[in-house]
Amino acid sequence: MSLFRPAVEKMKGYVPGFQPKGLGFIKLNTNENPYPPSEKVLNALKEAVNARVRLYPDPVADELRMELAKAFRFPKDWIMVGNGSDEILNLAMRAGVEKNDKVLITEPTYILYEVLAQMQEAKIIRLELDEDFNLPKQVDTRGIKMTFISNPNAPTGALFGREQLRKICRASKGIVLIDEAYADFAKENCLDFVREFKNVIVTRTLSKSYSLAGLRIGFAIARPQVIETLMKLKDSYNVNRLSQVAGIAAIRDRGVMKRTVQQIIRDREFLIQHLERLDFSVIPSQTNFIFVKHARYDAFKLLKELERKKILVRFFNRPRLKEYLRISIGRNQEMIKLVRELERILK
Ligand SMILES: Cc1ncc(COP(=O)(O)O)c(C=O)c1O
């Protein structure tokens with residue numbers, strides 16, 4: 001007899017991007033923000049490091065939910081906070097999907113969806129994206145229990161059209177979870193779909209645009225009945241005391257986030273220009289990363305060459321994806337160094 005469920009023993013599990021122990025790396029492999037969070041966030045954190053850490057945090061993160069409610073103009077009971085948005089994806093899958101239920105995900109997309117679906121022993125239905133990594137015109141949603149769509153998508157960076165997504169939400173009988181981890185870098189989003197459809201969950205994170213990946217703060221916006229259901233499954237104290245403090249300060253001071261995002265977008269366009277000059281094709285990106293393929297040079301070889309120079313980017317060993325590298329947008333100086341190294345390698 002095996003110790004665990006066979007489905008779990010068979011799973012590979014999610015493999016996060018490499019986090020080097022040493023210093024001196026240019027880290028462009030996990031879509032972190034190269035800039036620090038707002039000074040007010042750091043000060044609030046410092047102040048919160050006191051004896052009160054002996055107390056449990058607010059189990060439902062009410063003050064942070066109030067801030068989010070004000071910022072996004074939704075009532076508080078339409079919002080829940082998670083230990084990163086990954087926790088919310090996990091809760092949604094556990095709440096909504098059981099063995100043999102059909103889960104619709106695009107191919108390619110964020111690999112965690114497939115891992116979570118495997119955990120529930122769901123049937124994964126893959127919606128193959130077209131050659132430009134856009135959604136196909138027709139999407140069959142019959143019999144689908146839950147749909148996970150990352151918009152903008154990962155790892156391609158491409159933004160799907162709102163009308164196409166609206167059609168999917170309208171046609172779906174099950175929940176449609178729109179993962180907007182990168183929405184702050186995009187020209188539009190689908191947050192308003194939550195008001196329009198009872199079956200839509202939108203998730204966001206403070207990991208990317210707010211520079212708080214290390215504190216693990218994500219949130220979901222959906223109808224109160226949906227939020228209430230997800231909250232039943234969460235850990236009692238899923239968002240720690242310091243993260244709640246940081247989250248509140250970050251949302252209050254989100255002007256800083258907006259300026260950082262503008263800088264990253266400028267550097268994204270700067271990098272794209274240079275990579276195109278070096279014969280890369282670049283998928284149009286609405287995120288803080290780009291997905292690129294060189295006309296002649298093998299992606300894995302390029303990854304290894306860059307690694308030798310202590311520049312980390314991300315490679316996915318999967319059909320179609322293995323022709324590409326995903327490069328997070330770093331500081332301008334890091335982008336210049338990357339371009340220089342690529343010029344040397346490709347010479
Ligand atoms: C599409 C997508 N969703 C969710 C996440 C996870 O975000 P969080 O740090 O909030 O768990 C990531 C992180 O890489 C992501 O790429």
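**Exercise 1.** At roughly what angle do the axes of helix α4 (residues 85-96) and helix α5 (residues 112-119) cross? Describe the contact between α4 and α5 as well.

*Solution.* The model is a predicted one.
- Step 1: Two packed helices are described by the angle between their axes and by the distance between those axes.
- Step 2: For α4 and α5 the angle is roughly 35°, and the axes come within 10 Å.
- Step 3: The crossing of α4 and α5 is right-handed.

**Exercise 2.** Compare the end-to-end reach of α10 (residues 254-277) with the expected value, then state what its buried residues pack against.

*Solution.* 
- Step 1: Helix α10 has 24 residues, for which 34 Å is expected at 1.5 Å a residue.
- Step 2: From first C-alpha to last, α10 reaches 35 Å, close to that expectation.
- Step 3: The buried residues in α10 are M257, T260, V261, I264, D267, R268, L271 and L275.
- Step 4: Their packing partners are α9 (241-252), β9 (280-282), β10 (289-294) and α12 (332-346).
- Step 5: Just after α10 comes D279, with a positive phi of about 75°.

**Exercise 3.** Assign the buried and exposed residues of helix α11 (residues 299-308) to its sides.

*Solution.* 
- Step 1: A299, L302 and L306 are the buried residues of α11.
- Step 2: These lie on the same side of α11, because they cover an arc of only 60° around the axis.
- Step 3: K301, K304 and R308 are exposed on the other side of α11.
- Step 4: The buried residues of α11 pack against β10, β11 (311-312), β12 (325-328) and α12.
- Step 5: K310 follows α11 and has a positive phi, near 65°.

**Exercise 4.** Check the span of α12 and find which of its residues are buried.

*Solution.* 
- Step 1: The 15 residues of α12 should span 21 Å at 1.5 Å a residue, and the end C-alpha atoms are 21 Å apart, so the two values agree.
- Step 2: M335, L338 and L342 are buried in α12.
- Step 3: An arc of only 60° around the axis holds them, which puts them on the same side of α12.
- Step 4: Turned away from that buried side is a face with the exposed residues Q333, R340, E343 and R344.
- Step 5: The buried residues of α12 pack against β1 (26-27), α10 and β11.

**Exercise 5.** Where is G330 found, and which residues does G330 touch, not counting those up to four places away in sequence?

*Solution.* 
- Step 1: G330 is in the loop between β12 and α12.
- Step 2: G330 counts as buried because 23 C-beta neighbours lie inside 10 Å.
- Step 3: With residues up to four places away in sequence left out, G330 touches I26, L28, P34 and M335.
- Step 4: E32 is 298 residues from G330 along the chain, yet their C-alpha atoms are separated by 8.4 Å.

Methods. Residues numbered from 1 in each chain as written. Predicted model: local features only at pLDDT ≥ 70, side-chain atom pairs only at ≥ 80, totals over all residues. Axes fitted to C-alpha atoms, helices over the stretch in contact; angles between N-to-C directions. Helix = DSSP H or I, 4+ residues; strand = E, 2+ residues; numbered from the N terminus. Left-handed = near helix turned anticlockwise from the far one by under 90°. Contact = placed C-beta atoms within 7 Å. Expected span 1.5 Å × (residues − 1). Buried ≥ 20, exposed ≤ 12 C-beta atoms within 10 Å, placed from the backbone. Arc of directions from axis to C-beta.
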